[in-house]
Structure formats: C-alpha cells, structure tokens
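Reader: I'd like to learn how to read a few features of a protein model. Could you walk me through them, please?

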Amino acid sequence: PPRPSVITRPDWLRRPGAEDYSRYYPDRAQRTETNGSATLRCIVTATGTLQNCEVVSETPADYGFGDAALRLSRLFKMRPQTSDGNPVEGGQVTIPLTFRMSS
C-alpha cells in the first residue's frame, strides 16, 4: 500500500490544555515529581481526528508518558488535508508532547 503523506505543519483546531495534561499525568511520575515527554505518530482521518497512534519515543522510559500521550491523542483535532476541496483521510502526523509538573 502507498505510504501516507506526512503532515509537517498541522493546522490544529483543538489541542489538549493544561487541565488535560494534569488529568492524564502518569501516577508514578507524579509521585516522584518527574517531568517527561513522548512523541506520537498518528494517522489523520477525513474528519480531522487522530487514529492508529503509536508511541515512537518516551523519556524517561517506564514512567507511563507514552500511555498518557496516547490518551491525550483523543483530544486533538486537526483541519484535515483536502483534495479538490474535499477532506481526505490518511495523512500522517508526528506529535511531540512534553509533560511538566506544575509549580
């Protein structure tokens, strides 16, 4: 099958906010006051939602930042790519996410 096109400058209609990051912050990282990050690779649907997301990196490992990022992926919405004015499915987007303890 053809590889999906890579979206290098996504046009986000909705992204998770500070409250969302706080709600999904990994328990172990919260207990140890550990900051972290994760990077997701997802496919964008014709409606702009993300599907088939996978964790491509997570730092530090074993703190749950990848799983938290996957849960946050449901909160993203992007203006989908179009062809001849019609939304098309299948663009691929890479999303870096940073988790920081609030001070």
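Reader: Is Cys-53 buried, exposed or partly exposed?

Author: The general idea is a cut-off on relative accessible area: buried means under 20%, exposed over 50%, and partly exposed in between, using a 1.4 Å probe and protein chains only. Here Cys-53 has 21% relative accessibility, so Cys-53 counts as partly exposed. Cys-42, with a relative accessible area of 1%, is buried. Bear in mind that this is a predicted model, where local features need pLDDT of at least 70, side-chain atom pairs count only at pLDDT 80 or more, and totals for chains, interfaces and linings use all residues. Residues are numbered from 1 along each chain as its sequence is written, and side-chain values use heavy atoms, leaving out hydrogens and water.

Reader: What do Cys-42 and Cys-53 form?

Author: A disulfide is a pair of cysteine sulfur atoms within 2.5 Å. In this model the sulfur atoms of Cys-42 and Cys-53 are 2.1 Å apart, so they form a disulfide. Cys-42 sits in strand β3 (residues 36–44) and Cys-53 in strand β4 (residues 50–59), so the link ties together parts 11 residues apart in sequence. Strands are DSSP runs of E, at least two residues long, numbered from the N terminus. The link is right-handed, with 115 degrees about the S-S bond.

Reader: What order do the strands of the open sheet have?

Author: Strands of a sheet pair through backbone hydrogen bonds, either parallel or antiparallel. Two strands pair if DSSP finds at least two bridges between them. The open sheet here has 4 strands in the order β1-β8-β3-β4, with mixed pairing. At the edges stand β1 (6–7) and β4, each with a single partner strand, so one side of each lacks a neighbour in the sheet.
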